[in-house]
Every structure is written in C-alpha cells, then in structure tokens.
Amino acid sequence: MKLTIFEYILIVSTLLEFNPLFQAVKSVRAKSVKDVSVFTFLSIVIIGTLWLFYGFSIKSIPLIIGNAIKLLTAFAVVVIYFKYRKNN
C-alpha cells in the first residue's frame, strides 16, 4: 500500500500534536516526574488504544502508525512515572 503525501502529513501531525516522547526523555534525564500528571498520560493511552483499534478496523496506515507510536510513548511515560515517583 502506497501512502499519499496527505497521509504522511497526517502521520507527522499526529506525532507532533502531543507526543509523549518528549516528556519521557525529560523525565528519564531528570530522574523526576514531579511535574507529570499520570492521569493525562493514562488518558492518552486509553484514547490511543481506541484510535489504534479504529485504524486497524478501517485499515488506515496513518492512524495505525501515528497512534501506535503515541500509544507506546505515552505508556512509557506511565511506566517511568511509577518508576521515579518515589524520588519526588
């Protein structure tokens, strides 16, 4: 399946709109999650999971790629939160 330029733009915009990867990197470097709201990232995990299932159901590669990456990075922030929350 060949992606169109529009689909590439959708993937990139999905990743840039609120990518938890930046928070994950910041938290690991600082070894602190003082300013992290775990409920925000849990909601991203839940919503990302729903969008991912929807992407699979309609066979939309941009939805699958964008939300899979966002889901994994949000989940990583949740794991990091529970790892470093005792340090705060």
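Reader: Why does Tyr54 count as partly exposed?

Author: The model is predicted. Tyr54 has a relative accessibility of 40%. Partly exposed covers the range between the buried limit, under 20%, and the exposed limit, over 50%. The value of 40% lies in that range, so Tyr54 counts as partly exposed.

Reader: Why is the pair of Tyr81 and Phe82 called edge-to-face?

Author: Two values decide the matter. The ring centres of Tyr81 and Phe82 are 5.3 Å apart, within the 6.5 Å required of a pair. Their planes stand at 85°, over the 60 degrees that edge-to-face requires, so the pair receives that name. In accessibility, Tyr81 stands at 18%, under 20%, and therefore counts as buried. Phe82 stands at 39%, between 20% and 50%, and so counts as partly exposed.

Reader: How many aromatic pairs does this rule give?

Author: The count is two aromatic pairs. One of them joins Trp51 and Tyr54, with 5.8 Å from centre to centre and 80° between the planes. As 80° is over 60 degrees, this pair is edge-to-face.

Reader: How do you know whether Leu3 is buried or exposed?

Author: Leu3 has a relative accessibility of 13%, which is under 20%, so Leu3 counts as buried. Leu3 is located in the segment before helix 1. Setting aside residues up to four places away in sequence, Leu3 touches Tyr8, Ile11, Ile61 and Pro62.

Reader: What makes Phe6 exposed?

Author: Phe6 has a relative accessibility of 55%, over the limit of 50%, and therefore counts as exposed. Phe6 lies in helix 1, residues 5–17. Together with Ile5, Tyr8, Ile9 and Leu10, Phe6 forms a nonpolar patch on the surface, whose accessible area is about 540 Å² in total.

Reader: Which residues have the most contacts inside the largest nonpolar core?

Author: They are Val33, Val36 and Phe41, in a core of 16 residues. Helix 3 and helix 4 are the elements that give two or more residues to this core, and helix 4 gives the most, with eight. Beyond its neighbours within four places in sequence, Phe41 is in contact with Pro20, Gln23, Val36, Ala74, Val77 and Val78. As a general point, nonpolar side chains in soluble globular proteins tend to be buried together.

Reader: What is the phi of Lys31?

Author: Lys31 has a positive phi of about 50°, yet it is not a glycine. In general, most residues other than glycine have a negative phi. Lys31 is in the loop between helix 2 and helix 3. At 47% relative accessibility, between 20% and 50%, Lys31 counts as partly exposed.

Reader: Why does Lys59 count as exposed?

Author: Lys59 has a relative accessibility of 64%, and since this is over 50%, Lys59 counts as exposed. Lys59 belongs to the loop between helix 3 and helix 4. Lys59 is not a glycine, but its phi is positive, at about 55°.

Methods. Residues numbered from 1 in each chain as written. Predicted model: local features only at pLDDT ≥ 70, side-chain atom pairs only at ≥ 80, totals over all residues. Heavy atoms only, no water. Patch = residues over 30% accessible without salt bridge, like charges linked within 9 Å, V, L, I, M, F, W, Y side chains within 5 Å. Areas by Shrake-Rupley, 256 points an atom, 1.4 Å probe, with all protein chains shown as cover. Salt bridge = Lys/Arg side-chain N within 4 Å of Asp/Glu carboxyl O. Helix = DSSP H or I, 4+ residues; strand = E, 2+ residues; numbered from the N terminus. Buried < 20%, exposed > 50% of the residue type's maximum accessible area, 1.4 Å probe, protein only. Contact = heavy atoms within 4.5 Å. Phe/Tyr/Trp six-rings, centres within 6.5 Å; stacked < 30°, edge-to-face > 60°. Core = buried A, V, L, I, M, F, W, Y, C linked by side-chain atoms within 4.5 Å.
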